[in-house]
Amino acid sequence: MLQRADSLGLDTAFTRAEQMAPCPIGANGQCCKVCFMGPCRVVKDGQTGVCGATIETITARNFARAVAAGAAAHSDHGRDMAFTLKAVAEGETQGYKIRDPFKLKKLARDLGISTEGREVGELASEVADVCIAQFGQQRGEVSMAERAPENRKKIWRELDIVPRGIDREVVDVLHRTHMGDDQDPEHILDQALKTSLSDGWGGSMIATDISDILFGTPAPLVSQANLGVLKDDEVNIVVHGHEPTLSEMILAAVSDPEIIAYAQEKGASGVSLAGICCTSNETLMRQGVPSAGNFLHQELAIMTGAVEAMIVDVQCIMQALPNLADKFHTEVITTSPKVKITGATHIQFDEHRALDIAKDIVRRAIDNFPNREETAIPDVVADLVPGFSHEYINYMLGGSFRASFRPLNDAIMSGRIRGVVADVGCNNPRATQDAAHNYLVRELLKNDILVVETGCGALASGKLGVMLGEAALEWAGPGLREVCEATGMPPVLHLGSCVDNTRILTVLTQMVEEGGLGDDISDIPAAGIAPEWMSEKALSIASYCAASGAYVIMGITNPVEGSELVTNILSAGWEQKLGGKIDFVVEPEEMVSQILEHIDKKRAALKLPEYAPKRFGQSGDWRMEDLVDGPLEERQAALYGAVSS
Ligand code: NFS
């Protein structure tokens with residue numbers, strides 16, 4: 001596709017990244033723009049801004065502001081979901097219903113709402129009210145923080161970082177980083193932690209729970225990923241952005257026989273829906289809508305010449321789209337009251353007329369089909385099995401009569417699974433797309449690490465073909481492979497969109513509660529990586545994961561590089577007080593060795609047996625293959641010879 005862009009003389013994020021070197025002062029967090037005596041670029045030893053602000057204060061402030069912006073974006077998505085739930089409960093919407101009343105009841109109980117003898121609609125209405133109130137709450141603690149392990153809550157309370165209300169913490173960061181306020185870097189970063197927790201254990205968690213309630217809690221299904229999901233003979237509609245609200249209705253519209261007949265009238269054989277970014281993850285997880293790819297595929301999809309409409313809502317939408325779409329017949333349609341883009345068509349979405357609006361948009365796309373010229377859809381596509389909600393993981397491991405995390409904990413305790421790593425986050429054109437995600441996933445699997453994924457990282461693995469049960473046979477180490485064989489699960493689990501990183505928090509909490517892996521999330525042999533991150537949301541996620549006790553590695557760049565002190569606060573400083581930390585590591589090889597070292601350290605602290613892969617792999621298909629392909633040791637040596645234990 002990049003060659004095609006070259007031959008057509010088109011720009012992409014890849015070429016623009018080449019032409020635009022990142023500003024080194026900004027990249028390292030050394031540029032202070034919070035007042036207009038500056039901007040001050042603090043680059044020399046001992047230099048300060050006009051007000052006297054030190055490099056430590058400036059980098060900490062920049063970091064905290066990025067966390068607040070990321071938390072705001074995620075949480076606002078959660079707020080919109082809560083308002084949709086309210087509207088559905090009041091019978092004001094068109095086309096929506098409550099698909100998971102069990103999850104609604106569970107959420108109600110967690111929020112302290114009585115469920116006894118109550119109708120679904122009435123309950124949903126009260127749940128929505130309580131969720132909406134979380135945003136404006138001024139005192140106390142956000143309710144969902146209560147879900148964390150007891151020891152974790154103790155740490156948060158001692159540090160006074162339990163969020164009071166979701167909006168309140170974001171405003172607090174903006175206030176305290178205003179000119180002339182908080183100037184102690186550690187104190188500023190404590191508030192960054194509190195704000196990030198209002199995302200992870202607040203806004204994002206509300207988004208995940210309510211999306212499941214409204215659109216169904218995901219369970220595995222088969223789908224496909226990569227640009228090859230676009231169809232040469234059908235009207236292609238690509239949904240891009242983050243919220244499932246509109247995309248679910250578009251899906252309903254494209255399945256309508258009238259709409260299909262209308263497409264046929266226009267010469268297409270049908271209407272095909274595909275996703276990009278986290279809207280894709282939402283519809284992929286629940287409905288199996290194929291994914292056209294992750295963040296850096298948004299321009300490439302248009303360049304196929306086969307997309308009639310790209311419908312976007314919020315977040316991660318490049319401003320370059322309408323200009324690029326102009327070169328083809330594609331219509332870019334913005335739909336959120338928060339997002340208008342010059343050159344795009346704006347059709348504002350409204351839940352009250354959701355299905356009608358969705359049908360109008362789909363008809364527009366169909367009308368555009370006859371304008372299609374030459375197409376170039378790459379013949380690249382991979383099968384995948386997404387849909388691993390924490391509820392499903394629980395069920396998958398134990399079956400319906402003994403659903404439990406026990407088998408997962410046991411597998412880690414025995415050393416079959418060495419540890420668990422979440423590979424998440426974006427693509428960034430400063431690095432080869434997906435290269436770091438793919439490298440890390442393969443190395444981790446070889447080392448018997450169970451990988452869980454969300455966001456664009458998950459879509460990278462979908463395209464790679466490792467989200468299939470049989471991928472364990474090819475890529476997993478002997479112990480992990482045994483577990484995958486026993487359960488049928490893929491060695492890389494797709495847990496959803498970026499707001500669904502909260503599912504990972506829930507899984508970790510349930511692992512703690514199950515017993516045998518310590519008393520807190522920080523005891524579990526686990527880590528998180530965002531090797532190709534680019535968004536402020538990624539910094540919020542990294543911070544709430546660290547605050548929850550996880551070891552987090554971020555690739556690409558260190559946004560606080562300008563200050564050694566601040567870099568150390570995020571790493572050793574946070575580790576000391578939270579048991580979790582953020583390290584910025586550029587080289588994927590180094591990420592792997594740091595993760596394995598961390599996981600083995602946690603195993604040793606729990607007095608678990610040392611990782612020894614050769615103890616496993618004697619079961620299941622390995623034995624069958626002995627008969628066919630020769631002795632196990634030889635095959636293991638060929639496959640894992642280079643793997644250190
Ligand atoms: Ni996450 Fe999802 Fe992707 Fe990055 Fe953007 S889509 S919310 S921010 S680029 S992973």
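Visitor: In which sense do strand β11 and strand β12 pair, and over how many bridges?

Guide: Strands are DSSP runs of E with at least two residues, numbered from the N terminus, and two of them pair if DSSP finds at least two bridges between them. Here β11 (residues 419–423) and β12 (residues 449–454) pair in the parallel sense over five bridges. Val420 has Leu450 in β12 as its bridge partner. This is a predicted model, in which local features need pLDDT of at least 70, side-chain atom pairs count only at pLDDT 80 or more, and totals for chains, interfaces and linings use all residues. Residues are numbered from 1 along each chain as its sequence is written, and side-chain values use heavy atoms, with hydrogens and water left out.

Visitor: What is the order of the six strands in the open sheet?

Guide: The order is β13-β12-β11-β14-β15-β16, with parallel pairing. The edge strands, β13 (492–496) and β16 (581–584), each pair on one side only.

Visitor: Which residues are around the ligand?

Guide: A residue is near a molecule if one of its heavy atoms lies within 4 Å of it. Around the ligand are His242, Cys277, Cys278, Phe295, Cys316, Gly425, Cys426, Cys456, Cys498, Met534, Ser535 and Lys537. Domain 2 (223–371) and domain 3 (385–611) each supply at least three residues of this shell, the bounds coming from an automatic or database domain assignment.

Visitor: Is the peptide bond from Gly38 to Pro39 cis or trans?

Guide: That bond, from Gly38 to Pro39, is cis, with omega near 5°. Pro39 is placed in the loop between β1 (31–32) and β2 (40–41).

Methods. Helix = DSSP H or I, 4+ residues; strand = E, 2+ residues; numbered from the N terminus.
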